[in-house]
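I opened this notebook to record what I looked up in one structure. The entries follow the order in which I consulted it.

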Amino acid sequence: MRGACPPGRLRGNTRQIAMDFDFIVVGSGFGGSVSAHRLTEKGYRVGVMEMGCRWTPRNLPATNWKIWRWIWRPGLGLRGFFNIDPFRHVLIMHGCAVGGGSITYANTLLVPGDAIWESGSWAGLADWKTEMPPHYATAVRMLGVAENRIMGPADRILQRSAEEHGAGNTFYRTRVAVFQGPEGEPLGVTHPDPYFGGDGPQRTTCIGCGGCMMGCRYGAKNTLDQNYLYLAEKRGAQVFAETKVVDVRPLDGSPDGSNGYQVFTVPSTLLPGGRRRFTCRGVVFAASALGTLDLLSRLKEKGSLPRISGQLGHRVRTNAESLIGVRVPGSREDLSTGVAIGSGFYLDQYTHIEATRYPAGSDAMGLLATVLTDGEPGRKRILLWLQVLAGSLLRHPLRTLRSLHPFGWARESIILLCMQTLDGHIEMRLGRPWFWPFRRVLRSQGRRIPTFIPQANHFARKIAAAIGGTPMSMVTEILFDVPGTAHILGGCPMADSAERGVVDAQNRLFGYRNLYVCDGSVIAANLGVNPSLTICALTERAMSHIPPAAGAPWNDAP
């Protein structure tokens, strides 16, 4: 829907100012959709500004070879829902759509270990171990999380390999946001809303096609537009798709935003449209860790929100990830079947590995795969890679060539997503790249992140030897010393003061009233598991502190 709500009034101030919305939420991902739902539930008028397009099971692409409908690069006319942003230190993969990353994520929702609350700048800010479990439970219920019952060939291979490694007792079926019907029922059966007493949309049971990361074309994946955002829109929230927020300024010159805010937007695609202005009482920044960090950096630099802490951009984390895998050319089994991430286990106390997949025919990510190589980063590793590649071609020429070409990659590959809880971080700042000095963009700084996890590489080789495959890694890790991650975290760390972080323990932006950050940028430690559930739970907690709209006059500050 487009257009502003009827004007309202800003309460908690001596001046009565007409507002388009009570709250504007920037982004509709895991933080944005939770915020929109809880705020509308409390009686607030909410506008959601989403840069991406709206997708449904009917218009999602069947394969990622349809680049123009998969990749989000609107300046090039690509209007998909998935993006890859290269930085000097990391290759970041993320989603952009109504519903945020839930459209393209692997729908695995895990609670991290309690140790994560004891490290980082949020340690001691709250009794996290007592406060968070109820919010995790709420998020689990809202997202329809259940234990995966569809074990594909890749999951069974991972289980056998975990047992042979001596870690079989840590193997588990993932908990996923996927609608699975009753035991014994055929797959692909449509049911009335099974989650919200009839208030939600109808759902169809999962068929195990492995297509979760390409967007579910069968109505089984519990994306945010089927729960939190669906209910928010039903209660009156207005979602402005293909809309990019470019400025946020306090109204009437109030330095802390106590009189409200004006939010300026432009179309995010090449479609016609001009700059628009909205007014609101408060703003929730939830544009993903990368999007929020970029937007807040620009707002601070241009003087729109100059009070933002100088800690902005510090302690950006990659969840200590590595993407490796095994390809079995001519595999008799279709390794793409199952849910996107169906199982996992703990290689050691710090290292967590999950079996991941794309659906058969979606082979474009195979262009990033090459033979697995260890070694020190830099020229020596490139030389070692060339040596490993030459040796593989000499020993197994046909198998190696078939492993390197992308066609058939999804059906023949087990992707191993490796994550660690070990701490490590970089910084991100606006700067001018050498190849395009005419524009300031977000750039990574600091010490290099390790580009591979040695014990995970060893494990991949053991699987490859057992099933007659070729161990694989990302070519960017070897040629450019750049690891890949789908879970960028931090940059707006939660802390006890503006000298140590950007937001307080209730996600409120230091220096301003009624400004919140509710996405992965506030996370202050490497979780070691997929972060989506934690983002939802932290946002549930933040929204629980905002009183109902019909309550007493209120003007929030950290």
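**Entry 1: basis.** I noted that this is a predicted model, in which local features need pLDDT of at least 70 and side-chain atom pairs count only at pLDDT 80 or more, while totals for chains, interfaces and linings use all residues. Residues are numbered from 1 along each chain as its sequence is written, and side-chain values use heavy atoms, with hydrogens and water left out.

**Entry 2: cores.** I looked up the nonpolar cores, meaning sets of buried Ala, Val, Leu, Ile, Met, Phe, Trp, Tyr and Cys residues joined through side-chain atoms within 4.5 Å. Buried means under 20% relative accessible area, exposed over 50%, and partly exposed in between (1.4 Å probe, protein chains only). The largest core has 75 residues, and Trp122, Phe285 and Met428 have the most contacts inside it. Helix H3 (residues 128-143) gives the most to this core, with seven residues. Helices (H or I, at least four residues) and strands (E, at least two) are DSSP runs numbered from the N terminus. Another core, of 40 residues, lies apart from the largest one and includes Ile71 and Ala364.

**Entry 3: Phe171.** I found Phe171 in the loop between helix H4 (153-164) and strand E10 (172-173). Phe171 counts as buried because its relative accessibility is 15%. Beyond neighbours within four places in sequence, Phe171 is in contact (heavy atoms within 4.5 Å) with residues including Met151, Leu158 and Phe345.

**Entry 4: sheet.** I traced an open sheet of three strands in the order E7-E8-E27, with mixed pairing. Strands E7 (82-86) and E27 (484-485) are the edges, each pairing on one side only. Two strands pair if DSSP finds at least two bridges between them; two bridges join E8 (residues 91-95) to E27, and these strands run parallel.

**Entry 5: salt bridges.** I counted a salt bridge where a side-chain nitrogen of Lys or Arg is within 4 Å of a carboxyl oxygen of Asp or Glu. The count comes to 21. Asp22 and Arg45 form one, with their closest N and O atoms 3.1 Å apart. Asp22 is buried at 5% relative accessible area, whereas Arg45 is partly exposed at 22%.

**Entry 6: Trp436.** I placed Trp436 in the loop between strand E24 (427-431) and strand E25 (441-445). With a relative accessible area of 49%, Trp436 is partly exposed.
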